[in-house]
Amino acid sequence: MTPDQTGESIHVLDDRAAQVWTKGSGKEFACDRKSTAGAVTQRACAFCGSRVVLYPIADALHIVHGPIGCAVYNWDIRGALSSGPQLHRNSFSTDLAEKEVIFGGEKKLKASLIELIEFYKPKAAFVYSTCIVGLIGDDVEAICKQVTQMTGIDCIPVDSPGFKGTKKSGYQAACEAAYKLVGTAKTDGIKKHSINLMGEFNIAGEAWMIRKYFERIGVQVVATITGDGRVDDLRRCHGASLNLVQCSGSMTHLSKLLEDKHGIPMKRVSFFGFEDTAQALYDTAEHFGDSEMMARAEALVREEIAKYAPRIKAYKKQLKGKKAALYVGGAFKAFSLVLALRALGMQTVLAGTQTGNAEDYEQLKEICDPGTVIVDDSNPLELAKFVLEKDVDLFIGGVKERPIAYKLGVAFCDHNHERKIPLAGFEGMLHFADEVARSVLSPVWKFAPRRSFKTNIHLNPGND
Amino acid sequence: MIATNTDCTTTEGTPALGPEPEAATRNACKLCAPLGAAMVFKGIRGCLPFLHGSQGCATYIRRYMISHFREPVDIASSSFSEDDAIFGGARNFELGIENVISQYQPELIGVATTCLSETIGDHMLGMIKTYQDNHQAEGPPLVHVSTPAYSGTHSDGYFATTLAIVKKFALPSNFRLSHRVNIIPAMMSCADLRHLRELCERYGLSSTLLPDYNATLEGGSWDAYHRISPGGTSLEEIEEMGASTATLELSHSQANVKQSAGSYLESACAVPLHSLGWPIGIRLSDQLFTSLSEISGREMPSEIADERARLVDAYVDAHKYVSGKTAALYGEPDFVIGMAAFLSEIGVRPILCATGSKTPQWKELLHNEIEGDMADVEALAGVDHAKLASRTRERKPDLLIGSSKGYPLARELGIPLLRCGFPIHDRIGGQRQLYVGYRGTQQIFDRVVNAFLEAKQEYSETGYSYL
């Protein structure tokens, strides 16, 4: 095997050495740093962060203020579903041209907002600032105020120029923007046992599945933020008694605001895998201190697991001993995935996230097996290196990671927002197992040179 | 079933009434200029694209290109922070280039600017010079192109990059490489690029394609990791473009710009320019083959003549299925012009020809290539998908031709969508679709005819299995 085949020839940039860690190495680990220039980070920018968080609010107008690129690459590519309005699936942009960059884009923004509000009748409008908006001196806030007054529709600026940082800074800006709506409507009809589901984006209908679990155990869901989101739900979400926060990276800021200003406690939960989904329901029941609710939760968990466990067991038999790599946005999803893979008999040998924080990584380090490599803000070359070094059978990530896996003859499971298959909840675990198995067990890998190399298939035996 | 006419529906689910919004762009029919630059850089051997700006630009473009090509697309970024946006990106640029060299060992770094670096006025040539001075001119060459999204589309970025590259590297020459031709293709499929190369070979010509991403964006399965995907035109070949016998520029939209890669090679290196279009259809392909004959001094090889003959035969066999039908098409200007020319020669009227680019003389360009008059043809330049949708609802064509982005409209109207161009991210194989020459025309012709037949069968009461 050559160094290119084993991954040995790929080295980690000195600047990034502290962000690559092996369990058992005793080394220090660094995270929460800005990306190294030229490292080809898999991270996106602050704008992207804001856009993904607010996107699923289906009855709001989302307009990107800037040149066209920022708006066009995220036009209707996500799997975040709405049960009603579909306005969010459009891509609106002020599409600034050179003359507006020189003379300012305020006029165009104002005209755009007025026309679009008139035409589509949104319940609110989010105006995303891109890199150049601050530089050219547009006062987006002032325009938003004017248009709000003229139309009676709340126009909310989202301070999301890309250079502000990674997706994380964008999440914060999105939370600030969403919070502007909170507390602006009455909370009549909200029961004592009520929650907001935060950081749940309703990919492929996941929020609907999870909502049903809570309804079955007697918990009212006031708002899913932001999956299948509605402006009016946000306005009254301060009436809920508990916030369950799933994608903590994106929603911590909003849940903190709700905690500080409205006294609503928060719990971190996850709905990936049997264990975590069950735990989320138990934690909720425990929080409300309601023994009947707990009994219902236990019954629900038993019933749901009984439905799917046998088929998952069958998959486990086939997948046992396979090695997995995962690279996802936030660390909380990474823990769940390590556990979910373990439930399938698979071992995680590489785990990484784009924007995990120190606390997250501590937890991730704890649950991983010795020898597991943990990477923060990684890049294609590093990921390829460890895929080769660890000889993984499966990669879990998003579209940008997919070709790394496929080119090297490695199976892949998409766990990103563009997927169209629900992977959350009890039923989702079956879909997950199915997704993993269909790729890992596919007969095509034997033709991939890296795999045929291993199984000694040679096209030109004479040339050995 | 969820209605997909989101561009003309209110949040109440009712039809949006009143004047259509004009100020904002709704569902753009274009991408940004750095994407075009990245496409060209991907077509040069050992080249790593580098976007000077915020990292989101690189990440978005990578993601988008991967969704179509399903190949690794590594694009570096100088990852601007707030400080860089205020004080300039020179420090990050230098660090970024150093890291790219250390990680990727590229033969060339293709630097494209972004809206951000252009707006703050980062002086790229100066920064590149400083970098090279600080590094004693060691390391790979850097080429730079200015691609702010606010002054052009991905198509403009693509051609600006071909021009920047020949300007930087092509050398004037005292002698001619008698069997070498340059080809500057429009943003074609990987299969098109391979076929163009093969066609030149049939005429005894070797070709330098700028760009040639056929292998880098549609390569084989790997047995080891490649830092940069194998394939692409080498820098040596690009240097020799100034010594080629001729340049074929396959882009109608470049024919009347002030300076294109082809016109530069003609004026600076005296390489004769054959300004042609995207050769779809018999007439436009004939022009390509005539040029190849002129350059090589050879007659059309019999295999190609046979392909032409079979294509004519197929046109006749199927003409009744398509005659009098109408189509709406959208995408990059060159694709739309080539496709409109082809459709009109088989009797399908291209009644809506739309592009997101603000192509000058769009109507004239179309008029030059479309058979018959323009009375029934709407030439829409600088439009978005919302505008296209509104015109399509009004004109009710039988067929929609363009990228995956037309699917919601096709579904709404119950008409077939022939997925062509970029991006195709709801089907597999966009990179393998062949359009050019008689062979490519044969394939697209069959697809057009079959789309009509399928629609007819699908919506018939009886469900005939024989048509």
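I count two residues as in contact if their C-beta atoms, placed from the backbone, lie within 7 Å. This is a predicted model, in which local features need pLDDT of at least 70 and side-chain atom pairs count only at pLDDT 80 or more, while totals for chains, interfaces and linings use all residues. Residues are numbered from 1 along each chain as its sequence is written, and chains are lettered from A and ligands numbered from 1 in the order in which they are written.

**Entry 1: domains of chain B**

I looked up the domain assignment (bounds from an automatic or database assignment). For chain B it gives domain 1 (33-157), domain 2 (169-217 + 229-296) and domain 3 (303-458). Taken over C-alpha atoms, the centres of domain 2 and domain 3 of chain B are 25 Å apart.

Next I checked how domains 2 and 3 of chain B meet: 27 residues of domain 2 are in contact with 30 residues of domain 3. On the domain 2 side, α8 (190-202) and α11 (282-296) of chain B each supply at least two residues. Helices here are DSSP runs of H or I, at least four residues, and strands are runs of E, at least two, numbered from the N terminus. With seven residues, α8(B) gives the most to that side. I sorted the domain 2 side by class and found 15 nonpolar, nine polar and three charged residues. For the classes, Ala, Val, Leu, Ile, Met, Phe, Trp, Tyr, Cys and Pro are nonpolar, Asp, Glu, Lys and Arg are charged, and the others, Gly among them, are polar.

**Entry 2: a helix pair**

I then followed α11(B) to helix α17 (residues 437-458) of chain B: they pack at about 165°, axes 9 Å apart. Axes are lines fitted to C-alpha atoms, for helices over the stretch in contact, and angles run from 0 to 180 degrees between N-to-C directions. The two helices are therefore roughly antiparallel (angles over 145 degrees). In α11(B), Ile282(B), Ser285(B) and Leu288(B) meet Gly437(B), Tyr438(B) and Thr441(B) of α17(B). That contact divides into three nonpolar, three polar and no charged residues.

**Entry 3: chain B against chain A**

Finally I turned to the chain contact, which takes 66 residues from chain B and 76 residues from chain A. On the chain B side, α2(B) provides the largest share, ten residues. The chain B side divides into 27 nonpolar, 24 polar and 15 charged residues.

I also found strand β3 (residues 92-93) of chain A pairing with β1(B) in the antiparallel sense over two bridges (pairing needs at least two DSSP bridges). Phe92(A) has Arg26(B) as its bridge partner in β1(B).

Conventions. Angles under 35 degrees count as roughly parallel, over 145 as roughly antiparallel, 65 to 115 as roughly perpendicular and the rest as oblique.
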